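Please keep the sequence and the model side by side as you read.

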Amino acid sequence: MRLDLDGPPHRNPDGVEVPCPHLHVYREGFGDKWAMPAPAELVQDGTSFTACVAFMTRCNVVDAPDFEPGLF
């Protein structure tokens with residue numbers, strides 16, 4: 001999976017355009033060329049920090065790194 005939070009819309013192989021934010025999901029034979037609108041729980045407050053943590057949770061990351069929001 002890949003989460004695109006900010007950027008241009010994505011055009012799927014079937015021609016359907018998906019606006020940002022969107023989630024790329026692996027499909028056999030297409031790699032990560034398919035996207036769908038990002039689920040609300042991944043982008044609910046609009047910050048990239050919260051989205052990153054939610055995305056790692058969705059991907060079952062066991063040893064997530066420690067983040068310090070607002071560092072930069």
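This is a predicted model: local features need pLDDT of at least 70, side-chain atom pairs count only at pLDDT 80 or more; totals for chains, interfaces and linings use all residues.

Residues are numbered from 1 along each chain as its sequence is written, and side-chain values use heavy atoms, with hydrogens and water left out.

Now step back to the whole chain. The protein has 2 helices and 5 strands, and from the N terminus on its elements run β-β-β-β-β-α-α. These elements are DSSP runs numbered from the N terminus, with helices (H or I) of at least four residues and strands (E) of at least two. Along its principal axes, the C-alpha trace spans about 40 × 25 × 20 Å. Buried residues make up 24% of the 72 residues. The accessible surface comes to about 5,200 Å², and 56% of that belongs to carbon and sulfur atoms; these areas come from the Shrake-Rupley method with a 1.4 Å probe, and for residues only the protein chains shown count as cover.

Next, find the sheet. Strands of a sheet pair through backbone hydrogen bonds, either parallel or antiparallel. In this model an open sheet of 3 strands has the order E1-E4-E5, with antiparallel pairing. Two strands count as paired if DSSP finds at least two bridges between them. The edge strands, each pairing on one side only, are E1 (2-4) and E5 (31-37). Neighbouring strands of this sheet are turned by 30° against each other on average, direction ignored. Axes are lines fitted to C-alpha atoms, for helices over the stretch in contact, and angles run from 0 to 180 degrees between N-to-C directions.

Look at the two pairings in turn. E1 is joined to E4 (residues 22-27) by 3 bridges, and Leu 3 stands opposite Leu 23 in E4. E4 and E5 pair over 5 bridges, again in the antiparallel sense, with His 22 opposite Pro 37 in E5. The hairpin of E4 and E5 has 3 residues between the strands, and there Gly 29 takes a positive phi near 90°. On the way into E4, the loop from strand E3 (17-18) holds Pro 21, and the peptide bond from Cys 20 to Pro 21 is cis, with omega near 0°.

What lies across the sheet strands E1, E4 and E5? It is helix H2 (residues 48-58), running at about 155° to E1. In H2, the residues Ala 51, Ala 54, Phe 55 and Met 56 are buried. The buried residues of H2 pack against E1, E4 and helix H1 (40-43). An α-helix has 3.6 residues a turn, so residues three or four places apart point the same way.

In soluble globular proteins, nonpolar side chains tend to be buried together. The largest nonpolar core has 7 residues: Leu 3, Leu 23, Ala 38, Leu 42, Ala 51, Ala 54 and Phe 55. H2 gives the most to this core, with 3 residues. Such a core is a set of buried Ala, Val, Leu, Ile, Met, Phe, Trp, Tyr and Cys residues joined through side-chain atoms within 4.5 Å. Contact means heavy atoms within 4.5 Å.

Finally, follow the chain out of H2. The segment after H2 holds Asn 60, whose phi is near 60°, a positive value in a residue other than glycine. At 61% relative accessibility, Asn 60 counts as exposed.

Conventions: Buried means under 20% relative accessible area, exposed over 50%, partly exposed in between (1.4 Å probe, protein chains only).
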